[in-house]
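Here's a quick briefing to read with the model open beside you. Have a look at the structure first, then work through the points below.

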Amino acid sequence: MPTARRASVRRLDPHLGSPASSSSYPRAGDPPVDALERHFALELPRVFSEAERAALVAGVHAARDEWTADFDGEQFSLGRAFYTHLEQGRSRLYFADAAASDARVERRLPGLQRRMRELVAALTGGLAQPRRGFCGPGVHIFPAGEKVAREGGVVHFDTEGLSDYHLSRRLRAITVVVMLDLPDADGGLKLWDVLYDGRDDPGDEARSARPLIAGYSPGGALVIDSYRLHQIQPFPGDRDRISATVHAAEIDRDRWETWF
């Protein structure tokens, strides 16, 4: 379970996040995602400019009546998230509403889903395409003062959306989170030197290793191996934590499927 990777975050070239960086498939040389074999996470600053970030945040707030409430209002999303629906026994609703979910996100946040897929393509050096039947990239809203703000998120792996075939062969999968609006303080991501080994709960012994807490920058991204154990940290203050997320799994060489 411990992986002996370097307990560090590798900072990537900010230009990687530009749409032009994903215009050819594949590219020569090692793709940035390969660095996850040596580091806990990758940091990519300025995926969205300050003007773009502010416009996206305004769009999220303007869409308040279209947010999906999860876990009795502990958190919300714009666009349906697979893991929240799975854990609440609402998977049928997730798939039934997938097309409408994507339409809501595109109407309120034009171009966000495309930009998140382009980011996956730039990180992997491959083709990033929507996963059939699933919702595309969306936004998580963790309200100030609610449970995650007070206690932090659940300690978990991002393996809920991976098929048994994918898990059994340990095919590559990543989670990309772009911070749209930071809380007043804290709210980073705690990462452990622990990778998924078939158990959803790794136990206290695995979590006893010294973790790393990775911070976010406004409009910047953190990229992690979906098999890595992690947890959203608590945050004080009156500002919500708002982030855009895309999950991606390699289904063939240089071909990745994306979803939310």
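The charged end of Arg131 sits over the ring of Trp259, 4.5 Å from its centre (a charge sits over a ring if NZ of Lys or CZ of Arg is within 6 Å of the ring centre and within 35 degrees of the ring normal). Keep in mind that this is a predicted model, where local features need pLDDT of at least 70, side-chain atom pairs count only at pLDDT 80 or more, and totals for chains, interfaces and linings use all residues. Residues are numbered from 1 along each chain as its sequence is written, and side-chain values use heavy atoms, with hydrogens and water left out.

**Rings and charges**

- Trp259 also belongs to a cluster that ring pairs build with Phe82, Tyr94, Phe95 and Phe134. Rings of Phe, Tyr and Trp (its six-membered ring) pair if their centres lie within 6.5 Å; planes under 30 degrees apart count as stacked, over 60 as edge-to-face and the rest as tilted.
- By this rule, there are nine aromatic pairs.
- One of them is Trp67 with Phe76, a tilted pair at 5.6 Å centre to centre, with 50° between the planes.
- Trp67 and Phe76 are both buried (under 20% relative accessible area, with exposed meaning over 50% and partly exposed in between; 1.4 Å probe, protein chains only).
- Back at Phe76, Arg64 lies over the ring's face, 4.7 Å from the centre.

**Helix H1**

- Helices (H or I, at least four residues) and strands (E, at least two) are DSSP runs, numbered from the N terminus.
- Arg53, Leu56, Val57, Gly59 and Val60 are the buried residues of H1. They cover an arc of only 160° around the axis, so they lie on the same side of H1 (the arc is that of the directions from the helix axis to the C-beta atoms).
- On the other side of H1, Ala51 and Ala55 are exposed.

**Strand E11**

- Five of the five residues of E11 (residues 228-232) are buried, so this strand is largely enclosed by the rest of the structure.
- Arg228, His230 and Ile232 cover one side, and Leu229 and Gln231 the other, all of them buried.
- E11 pairs with strand E8 (residues 189-195) in the antiparallel sense over four bridges (two strands pair if DSSP finds at least two bridges between them).
- Gln231 in E11 is the bridge partner of Lys190.
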